[in-house]
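Visitor: Hi! I have some time for this one, so could you walk me through it?
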Amino acid sequence: MLRAENVSVRFGGLRAVDDLSFQTQTDQILCIIGPNGAGKTTLFSVLSGFLKPTEGRVRFNDLDVSAMRADRVALAGIARTFQIVKPFRDMTVLDNVMVGAYAHATSYKEARAHALSIIDEVDLHRKRDFLASYLTLPDLKRLEVARALATRPTYLLLDEVMAGLNLREQHEVADMIEKVHQRGVGVLLVEHSLAIVQRLGQHVLCMDSGRLIAEGTAADVIQCEAVQVAYMGIVNA
Amino acid sequence: MFSKLTDSFRQQGAALWLSAAVVVIVAAVAAPWINPYYTRVMIMGLMCGYLAASWNLIGGYAGQMSLGHALFFAIGSYSVALLARLPDVPLIAALPLAVLVSVILAWIIAAICFRYALRGIYFAVGTLLLAEIARILVINSDTLGRSQGLQIPNTPGMQNLSFSSNLPFFYIFLAMSVALALASLAVERSKLGYDLVALREQEEGAAALGVDVSGIKRFAFVISAGLTCIGGVVYAGLVRYVEPGYDLSLSITLIMVMGAVLGGRGTALGPFLGGIVVVLIQEALILLGSTVGTTSVSALAQMIYGLFFVVILLVFPRGIVGQVLYRRINRKATQLSVRTIQKAS
Amino acid sequence: MMLLTLLMVGVTSGILGGLTLALLSAGFNLSLGVSRVVNFQHGAVVLWSMYAAYTLWDATGINPYLGIFLLAPVAFVIGYFLHRWLIVRSLETPEDSQILFSIGLLIALQYLAQFFFSADARSLVPEGMQQSIIMGPLFLQYTQIAAAAVSLLVLVLLHLMLTRTDLGRKLHACAQNPTGARVSGLNVEHLSAVALGIAAACAAVSGTALATIAPIFPERAFEYSIVAVVVSVLGGLGSMSGSILGGLIVGIIIAVSQVMGHGDLALAIVYALVFLIFLVRPTGLISAIRR
Amino acid sequence: MPSLLEVNGLHAGYGLFSVLHGLAFDVKEREIVALVGSNGAGKTTTMRAISGLIQSTGGSIHFNGEETTNLTPSQMVARGLVCVPEGRQLFPEMTVRDTLLVGVSTPRARDRRDQSLKTVYKLFPKLNERSGQLCGTLSGGEQQMVAIGRGLMSAPQLLLLDEPSLGLAPTIVKQLFQAITDIRDQGVTVLIVEQNVRSVLSFVDRAYVIENGSVELSGSAEELINNPDVVNAYFGIGSKESVS
Amino acid sequence: RAQPKRIPIGVVVGLTGRAGPWGAPVNNAVRLAVEQINASGGIKSKGGAQIDLISVDHQSNPQMAGTQTERVIQVNNVLAVIGNATSGATMVGSAVSEKAGVPMISTDLGDSLTNRGMKYFFRIGARASHLAATGVDFAEQMVKVTGTVPRKVATMADDSTFSQDAIQGAISRVRQTGWNFQENVSFPAGKVSDFLPILQRLKLSGVDLIFHALFAPDGIQVMRGMKALNYDLMASVHIAGAPYTPEYVENLKADADFVTDVVGFVPELTGKNPLLANYADAYKAKYRRDLDDQASLAVTCVGALYDALERATDLSSGALAEALRTTDLELGSNPYVLRDGIKFDEKGDNIKAKGLVMQLRKGQQRIVYPSEMATIEAVWPMPAWSKRT
Ligand SMILES: Nc1ncnc2c1ncn2[C@@H]1O[C@H](COP(=O)(O)OP(=O)(O)OP(=O)(O)O)[C@@H](O)[C@H]1O
Ligand SMILES: Nc1ncnc2c1ncn2[C@@H]1O[C@H](COP(=O)(O)OP(=O)(O)OP(=O)(O)O)[C@@H](O)[C@H]1O
Ligand SMILES: CC(C)C[C@H](N)C(=O)O
Ligand SMILES: [Mg+2]
Ligand SMILES: [Mg+2]
């Protein structure tokens, strides 16, 4: 169980996340949507221990994530990707993933085998010996996913990993995510692609200016007027 | 362990390692027969290589440019000199003592620096300042011999690091170097190695994958300091004189940095090659200068020494070994892409 | 009473000396802080400027501060082309290669100076600037006053250039993301060479000022680079007001500890303090983030 | 009508690694042309080659009747060709306003500075709100807005947009696409790379489909949107079963 | 007729780096002396054997001094080494030559050099502390003559090995005089950009006699600082270091006058003896600077070597060392003995080496002490700055 309790994050005068609470389980794919600057990425940073909330806290089973260092959180089972990708540019794709694989692997052999299987899963096999700096942006996002997956997470936080893919490729990634989910990994997903949100979002949260403005099934949330105005730009809903 | 080694052979290029092994064996066998001068040059080369490789752990793999390693080198050499003032203590006893002191000091420094997130140039300058502070304190300390330094009497006996010729120092540094090279190689493929390089490339990205960024940096710094200190102990045994103007100067640190960067920072073999090259170039230029023997020609020789780094780094931006490995990776990627395109069309 | 007098002496000469240090660091700070070019050869460029100022003065006898109007433009041009033809090639290399690259240049330039000028010290003693204003225990040497004034002038101009002009904005852009600057139509190679040219011109000014204060000899180069690094990093990379502050702090601590009879430990005290400041402000005293 | 941009037999790549193999297309004045193609097809490489960020190894590029193969980016901007690159390429420690002003580099852009600034702020009101914030701390979408805004500030004659909708919320994407049509009406020609194939084909004049570094298909927007191959390849519902 | 034999001799000095200013004159002086010896028929007792000089730069780096000494001994098979023009380098370099049984004839003055029980180490100059004591002796005598006791005495030295040895010697000797000793000021060599705070402190605390051990640039700047502060001293007594170097006078011009310095040689000494003047003139003609104390040390090393080579039973290091041990020379015994005379004790110290005090007068180095050698009467106290033109 992953739960945010009254989380707020302030940057100077700006409330990027404002008294937000929700909870999710590993049997769920949770989608978070919202306009640009709504606070989605900031929320992910809090959930993964990268940012300490100004107020409130995050619980992961019995752990208080908000009091833990990011690397501990990762080892405990919450893996995140970065929207603005942070690859190890001077390492090959395989080596990038190896770093994640080593989070739990005990030997080189094991780590390598695990990394290779993950690379297969995200369809980066052809480029496994490329330096990360040679990848295109969508490939870098796949690499983010691969690295996160390699840490054998309980919860996987995916921040706009499908940006830059066409619809068909997006669905391929969605297939992959579903497969991962079926292995028992809880998925939290930030996406701007409504098609994907509708497909994957068993449960959808919509944020605006740091607050939760709607919550429910994909269909419900998308119907909601506040969401239509703030997010989809349907002016006279 | 063995599977790691074989894999690294593939990654780093078996040719590179094999030639290194051949060089080591040839040198080890030939050493007793060569002119003592060449022995001494090889000793200095190995020492610089060894020091560069020790520095490489924190400066290369972890990417934290420490400019304070002279401190640890001096702890090693000064411990020998200080022990020499006590009656009847074998000088080799300096080794565990000095390593202990260095490791503790390094741990404290690292804990402070990494706790307060000193990075990049701030870490470099911060460590430089610490070493300089130490140097000034030594210069003002009577016990530590001020700027005049301390001599280490040549009390015979292996336990006093004293031998009738320099040859044993050659084998000591050779053994230390080989051990360190193999250890670096093993580390490179271990979790530690991956964590180090990852945090060098992207600290946040590494933390997201469960890498304890400051813990690992601290660990690398401590080990690197301990190894550097061992170099200092052996060096003191060789020259039997310690002084702040060399042992605790920025120039000894720079030798380590130059060796590592020139050879290829973050590679297992590069720093050894780099250290040896730096020493050989210096020797060659001094030799060149001494054929004329005037001051201005010696100045020119030093100028060429400076330009040498400029040129080498233009040709091998990632250091000699680093660039070779980089090209290898590039070639591999290119071949792969050609293959995929052929398949596609 | 004596203590107070000494303190006053220390502070006044610390302020003058500190401003000179700030000037010394200005060029370095501009290239590393703004252009992100590691410029360890700065000390050697200052050294060469000292020799240039000396040679000019020796040959013509004119006041070295007038000579600046000749030397600074020449230094600009040299810096510009040195960057365009040589240093720019090092920029694609990893940062520590750049550092070593510039140390290589430092060594080369320093020994080239020794080749031409030998290791002997030389002094530039400008006519009419040898006196000092003595007020009770306090004293102000004309040469130091001139250096401090020039330093303030240069640093304020640089500060205005960086924060108030298009050029400043462009320099920041080129450094922070060359690709981004390129697609915005900036000629990155040209602009960063301009920055290095300005840095060299600053070196020319500080070289001239230093030459009137201290004897000139080749071994100085390394020292100057280190001082420039410490002062810039202490003040805050890229910030000219930081350079002033850093220079003043370093200058005053050194002068006060000298005047208190701890000249031997002066640098240790400075270094320890700078280190502590790093811990509290790991990016220097004044952050260069603009407007 | 003469072509504003003409690309002929373009070859380009990275080091030994070649990506484009004789790519050819053209863009006429006051047109909006889209390049579509799958991941890794070479679209970004094409944009880079045209705007001078990478050197081409063969073929030619003509802009406004002048051969501009292998000119530098600043020369291209001076001639009125401006690129909003993939990956934003912002200045992390510069404020939003300053970043936008960096885009003003030609005399033409200087003349229109205030007007362009108004346009940008109108298109992305968020940027006006955040004009003093450092780009490095902006959200992903906000950064994308700045990147587009900076391109607009250069007052281009031909604007290259490499996946401008990346990371933008649907509201903003809509406004953006509207704005692209608007600026075309003001006389700017646009070449756009988009993955959002369906929406992009709804407002562009023509499109090229690029695969493996060369043009595979081309035609007017309607032609392509009705082409079953295109539908299959780019906006199929995705899961393999439904494509087959 | 057989070719004359060649005698390889090493000169290992710092031509670059911190100690460059001392290495250069040593190298120059040795080269010129050897040129002259070779031209005048080499070592006559050895069939006119010619000396081959191998000059090597140790870059002011002790470790390098070790390696280079090893090189000249092992590769060039030198019979003796002259060096190393910095005490620190000599600590390491002489250990190497000692191990190889090759004599080192040293120009260096650091006290500890001859405290190591070495058999192949020969020092030409007087040890630093001895020079320092001479300086204080001189001051004591002047105080007695003039009858004014200095109010306060201070010492000032940079952090180089030699200066520290010298200043420690001066301090312990000053403590015996009963004068009011204020303090010792030490600072990093060549790194202080402004001496005014230090000088103002000394001035305000009433110090009127200072003993210095400084290297030239610092010495120059200290003097300029005194002038700027209008700081009038009874005397400024240097121990070797700055004032004897040609650059000191070149840089300070008339302001250098009345400074005193303890040295082992002044150009004046050669004037009395045409044999010696010959070398000094040739030196000046060749290198365009006066033969100074440091260079004279180096020439005198050659003087000792020349003599020992002539007397050695054969051309081996051992024989040469043996000959050196029995050296007994006077000033002018051969054209290259430009200092007091040479006779080594078992530690390798030259027991004939003494210090003399010179005072700069109109830019000339004039001997003022010991009285029997004095060529001019010392000006004591120094004239006030306001009285100088
Ligand atoms: N370090 C910071 N300092 C100041 N403001 C910040 C900082 N980080 C984020 N913000 C602001 O907080 C708000 C929330 O940012 P966040 O990145 O969480 O948005 P987001 O919902 O992920 O948006 P997007 O869809 O564009 O990625 C934004 O307006 C952003 O500008
Ligand atoms: N800097 C680089 N060095 C080497 N190879 C590169 C580099 N950038 C891109 N590539 C390779 O070139 C090929 C084409 O890349 P390009 O960025 O042009 O694709 P794209 O069509 O823009 O795809 P996407 O939709 O993923 O952005 C890819 O296979 C990529 O891996
Ligand atoms: C100043 C000089 C007399 C220095 C001397 N050669 C020494 O270091 O011992
Ligand atoms: Mg976001
Ligand atoms: Mg692309």
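Visitor: Which strands does helix H9 of chain A lie across?
Guide: Helix H9 (residues 225-232) of chain A lies across strand S3 (29-33), strand S9 (203-208) and S10 of chain A. Its direction is about 120 degrees to that of S10(A). Axes here are lines fitted to C-alpha atoms, for helices over the stretch in contact, and angles run from 0 to 180 degrees between N-to-C directions. Helices (H or I, at least four residues) and strands (E, at least two) are DSSP runs, numbered from the N terminus.
Visitor: Anything to know about the model and the numbering?
Guide: This is a predicted model, where local features need pLDDT of at least 70 and side-chain atom pairs count only at pLDDT 80 or more, while totals for chains, interfaces and linings use all residues. Residues are numbered from 1 along each chain as its sequence is written, chains are lettered from A and ligands numbered from 1 in the order in which they are written, and side-chain values use heavy atoms, with hydrogens and water left out.
Visitor: What is the strand order in the six-stranded sheet of chain A?
Guide: The order is S6-S7-S8-S3-S9-S10 in an open sheet with mixed pairing. Two strands pair if DSSP finds at least two bridges between them.
Visitor: Why do S6 and S10 of chain A each have one side without a neighbour in the sheet?
Guide: Strand S6 (78-80) and strand S10 (211-216) of chain A are at the edges with a single partner strand each, so one side of each has no neighbour in the sheet. From one strand to the next, the twist averages 20 degrees.
Visitor: How many bridges join S6(A) to S7 of chain A?
Guide: Three, and S6(A) and S7 (residues 155-159) run parallel. In that pairing, A:Ile78 stands opposite A:Tyr155 in S7(A).
Visitor: On to the ligands. Where does ligand 1 lie?
Guide: Ligand 1 lies between chains A and D. There are 21 residues around ligand 1, the closest being A:Thr41, A:Thr42, D:Arg130, D:Ser139 and D:Gly141. A residue counts here if one of its heavy atoms lies within 4 Å of the ligand.
Visitor: Which polar atoms face its oxygens?
Guide: Among them, a polar side-chain atom of A:Thr42 is 2.4 Å from an oxygen atom of ligand 1. Polar backbone atoms take part too: one of A:Ala38 at 3.1 Å and one of D:Gly140 at 3.4 Å. The cut-off for a polar contact is a pair of N or O atoms within 3.5 Å. The protein covers 88% of the 630 Å² of accessible area that ligand 1 has on its own, by the Shrake-Rupley method with a 1.4 Å probe.
Visitor: And where does ligand 2 lie?
Guide: Ligand 2 also lies between chains A and D. Its shell has 19 residues, with D:Asn39, D:Gly42, D:Lys43, D:Thr44 and D:Thr45 the closest. Helix H1 (residues 43-51) of chain D gives the largest share, four residues.
Visitor: Which atoms meet the oxygens of ligand 2?
Guide: An N or O atom in the side chain of D:Asn39 is 2.2 Å from an oxygen atom of ligand 2, and for a polar backbone atom of D:Lys43 the distance is 2.7 Å. From chain A, a polar side-chain atom of A:Lys127 lies 3.2 Å from an oxygen atom of ligand 2. Of the 640 Å² of accessible area that ligand 2 has on its own, the protein covers 92%.

How values were computed:
Contact = heavy atoms within 4.5 Å. Polar contact = N/O pair within 3.5 Å; in protein donor to acceptor, adjacent residues only side chain to side chain.
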